[in-house]
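Here are my notes from going through the model, jotted down as I went. Have a look at the entry first, then read on.

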Amino acid sequence: MKRRAFNRCMVSALLGGVAALAAVPAAQAQSFPSRPVELVVPFAAGGGTDALARAMSDASRKHFPQPIVILNKPGAAGGIGLTEVARSAPDGYKLALVTADMVIIPHLGLTKTTYESFTPIIQLNADPSAITVAADSPYNTIEEFLEAARAKPETMQLGNAGVGSIWHLAAAALEDKTGVKFNHIPFTGGNPAVLALLGGHIDAVAVSPAEVIQYVKAGKLKTLAVMADQRVKGFENVPTLKERKIDLSIGTWRGIAAPKGTPQPVLDTLGEAFRKAAAEDSLKKFMDEQNLGYVVEDQKVFTAQIERDNATFKALIEKFNMKP
């Protein structure tokens with residue numbers, strides 16, 4: 001009898017311990033946030049992603065009881081910052097400003113940290129790729145451009161933002177859909193590629209509309225098509241590829257994610273605050289001034305987007321042998 005009583009006491013103690021441990025995350029979630037939240041930008045300060053993070057932090061002030069502090073952690077094409085957040089405590093106090101690079105660089109072998117190490121909170125932006133040529137180019141439609149590329153395989157010089165970049169992947173996806181073969185010219189970013197186009201050094205670029213809009217408005221460049229489901233603001237006269245019977249929609253995006261395992265109540269608190277911040281006129285004005293696509297989606301929709309793109313980019317990187 002004494003042994004049975006002892007065993008019952010041990011079981012009760014163990015169950016009580018488990019219950020106490022389970023109560024800790026719940027208690028933390030209820031008190032969240034009790035201190036500032038860090039939002040890690042995995043790129044250097046001064047770029048579009050960094051600017052969006054800071055604009056979001058400012059817009060969050062009236063909707064979140066603690067400051068959102070921006071930390072820049074550049075390196076490995078975003079891999080260093082993403083890995084730091086993925087390895088942090090899943091308590092909501094360290095988040096990542098994620099981009100489409102999150103589902104590209106693991107397949108290039110630049111990091112072992114994958115999208116599965118995160119739980120998306122909110123999407124804030126989406127920008128498609130676009131095919132743009134010089135204003136005096138002989139090509140006035142995407143059909144003419146592709147016909148010329150098809151006639152002389154691998155001679156049409158198409159600039160991108162670097163090997164394995166989202167814009168390189170977009171160009172490869174266009175090849176895959178149409179059967180043409182471009183001569184891909186990598187640059188150290190979208191802007192250098194556009195400058196090369198302006199200088200007459202290449203035939204076209206595959207970059208975002210935001211990176212060419214000022215030159216299109218100035219009459220120096222013309223965009224032939226955008227790789228989106230719908231026409232893009234500022235490019236209302238430019239058709240989508242889908243309108244031209246090419247079933248392709250591809251581009252980049254930005255959003256906020258937390259380490260996997262973050263309690264849902266914490267994610268809900270953050271999501272509500274960020275949705276309200278995203279609706280602020282100040283953020284919408286910022287997005288408009290920066291020519292960034294304003295797209296706000298919740299956790300479920302954003303997660304589905306990330307999963308789809310991960311599969312798409314993995315297949316393209318393998319098929320076109322982009323891995324260093």
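1. Ground rules. This is a predicted model, where local features need pLDDT of at least 70, side-chain atom pairs count only at pLDDT 80 or more, and totals for chains, interfaces and linings use all residues. Residues are numbered from 1 along each chain as its sequence is written, and side-chain values use heavy atoms, with hydrogens and water left out.

2. Overall picture. The protein has ten helices and eleven strands; these are DSSP runs numbered from the N terminus, with helices being H or I of at least four residues and strands E of at least two. Along the principal axes, the C-alpha atoms fill a box of roughly 95 × 40 × 35 Å. Of the 324 residues, 48% count as buried (under 20% relative accessible area, with exposed over 50% and partly exposed in between, using a 1.4 Å probe and protein chains only). Among contacts (heavy atoms within 4.5 Å) between residues at least 6 apart in sequence, 76% join residues at least 24 apart.

3. Helices α2 and α9. Two packed helices are described by the angle between their axes and the distance between the axes. Helix α2 (residues 48–59) packs on helix α9 (residues 281–289) at an angle of about 165°, and their axes are 9 Å apart. That angle makes α2 roughly antiparallel to α9. For reference, axes are lines fitted to C-alpha atoms, for helices over the stretch in contact, and angles run from 0 to 180 degrees between N-to-C directions; under 35 degrees counts as roughly parallel, over 145 as roughly antiparallel, 65 to 115 as roughly perpendicular and the rest as oblique. On the α2 side the contact uses Ala51, Leu52, Ala55, Met56 and Ala59, while α9 brings Ser282, Leu283, Phe286 and Met287. By class, that contact has eight nonpolar residues, one polar and no charged ones (Ala, Val, Leu, Ile, Met, Phe, Trp, Tyr, Cys and Pro count as nonpolar, Asp, Glu, Lys and Arg as charged, and the others, Gly among them, as polar).

4. Helices α5 and α10. Here α5 and helix α10 (residues 299–319) pack at about 75°, with axes 10 Å apart, which means that α5 is roughly perpendicular to α10. Ile166, Leu169, Ala172, Ala173 and Asp176 of α5 meet Phe313, Leu316, Ile317 and Lys319 of α10. The class count for this contact is seven nonpolar, no polar and two charged.

5. His168. This residue sits in α5 (residues 166–178). Is His168 buried or exposed? His168 is buried, with a relative accessible area of 9%. Leaving aside neighbours within four places in sequence, His168 is in contact with Asn160, Gly162, Val163, His184 and Met322.

6. Around α3. Helix α3 (residues 79–86) has Gly79, Gly81, Leu82, Thr83 and Val85 as its buried residues, and they pack against β1 (37–41), β3 (94–99), β4 and β10 (251–259). Thr113, in the loop between β3 and β4, is buried at 11% relative accessible area. Not counting residues up to four places away in sequence, Thr113 touches Leu82, Thr83, Ala86, Pro106 and Phe118.

7. Thr119. Strand β4 (residues 118–128) holds Thr119, which counts as buried at 15% relative accessibility. Beyond four places in sequence, Thr119 touches Ala257, Ala258, Pro259, Lys260, Gly261, Leu267 and Gln299.

8. Backbone spots to look at. Most residues other than glycine have a negative phi, and most peptide bonds are trans. The Phe32 to Pro33 peptide bond is cis, with omega near 0°, and Pro33 lies in the loop between α1 (2–31) and β1. Ala76, in the loop between β2 (68–72) and α3, has a positive phi near 55° and is partly exposed at 38% relative accessibility. Asn291 also has a positive phi, about 60°; Asn291 is in the loop between α9 and β11 (294–297) and is partly exposed at 30%.
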